[in-house]
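Load the model, colour it by secondary structure, and keep the sequence panel open. The stops below are meant to be selected one after another.

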Amino acid sequence: MSRHATHTFTADEVRSLNIRSLPQAGALAVGSSVSVRWSSGACLSAMANADRLRVQWRGGAVHDVLLTATPQPFGGIRHWLVCPVCGRRRGVLYWSSRLWACRGCLGITYPSQREAGANRALRREQEIRRRLGGSTNILEPFPERPKGMHHTTYRRLVAEAVAHGGRHVTLLWEALRRKREGPR
Ligand SMILES: [Zn+2]
């Protein structure tokens, strides 16, 4: 039996192939195919064979992604994608312009992780400013050295605050850029 289904993905699912989205779309029945269309217009099509998905991203080269399955505790099976780099079972693979591989192998971080990292860096800088008697407003001039604080301590705290500030801006910028660029 051959089925065809179309699936519309949100920008959050950019360039990713999520096994959980596919069974509902009928892609895992042998001989069935699925089209995945992103809001940007990019399109992925997948065709299921016995043990693999034939995946085509944006009309480019066709790549085979191996499938595997594990039994579920209460019956039935759970499908997985096999990362071609590490060979591990994965729920989601990402497109990296040459191959589909897992997040760990591609070194991808979630946008939320970048934002969390940016917020953490901001809080660290604010903590240092407060410790030096300043406010948490990072747009204000950096606080002077408090009376009684050793010069070495002050210089170390300034250096730390500058490093946190740089990290805050960098991570924030990366998170924004990723959101604006969308799928590639
Ligand atoms: Zn991997």
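Start with β6 and strand β7 (residues 77-82): the two run antiparallel and are joined by five bridges. Strands here are DSSP runs of E with at least two residues, helices are runs of H or I with at least four, and both are numbered from the N terminus; two strands pair if DSSP finds at least two bridges between them. This is a predicted model, in which local features need pLDDT of at least 70 and side-chain atom pairs count only at pLDDT 80 or more, while totals for chains, interfaces and linings use all residues. Residues are numbered from 1 along each chain as its sequence is written.

β5 and β6 run antiparallel and are joined by five bridges. Select Q56 and find V62 of β6 opposite.

Stay in β5 and select R52, which lies in this strand. Is R52 buried, exposed or partly exposed? R52 is partly exposed, because 17 other C-beta atoms lie within 10 Å. The cut-offs are 20 or more such atoms for buried, 12 or fewer for exposed, and partly exposed in between, with C-beta atoms placed from the backbone. Draw a distance from R52 to L67: their C-alpha atoms are 4.9 Å apart, although 15 residues separate the two in sequence. Neighbours within four places in sequence aside, the contacts of R52 are D64, V65, L66 and L67; a contact means C-beta atoms, placed from the backbone, within 7 Å.

Next, show the largest nonpolar core, a set of 14 residues. Such a core consists of buried Ala, Val, Leu, Ile, Met, Phe, Trp, Tyr and Cys residues joined through C-beta atoms within 7 Å. L17, V55, V65, L81, L93, W100 and A101 have the most contacts inside this core. At least two of its residues come from each of β5 (52-57), β6 (62-71), β9 (92-95) and β10 (100-101), and β5 gives the most, with three. Centre on L17: beyond four places in sequence, L17 touches V55, V65, L81, V92, L93 and W100.

Finally, zoom out to the whole chain. The secondary structure comprises 10 strands and three helices, in the order β-β-β-β-β-β-β-β-β-β-α-α-α from the N terminus. Of the 184 residues, 20% count as buried. Among contacts with a separation of 6 or more, 41% join residues 24 or more positions apart.

How values were computed:
Contact = placed C-beta atoms within 7 Å.
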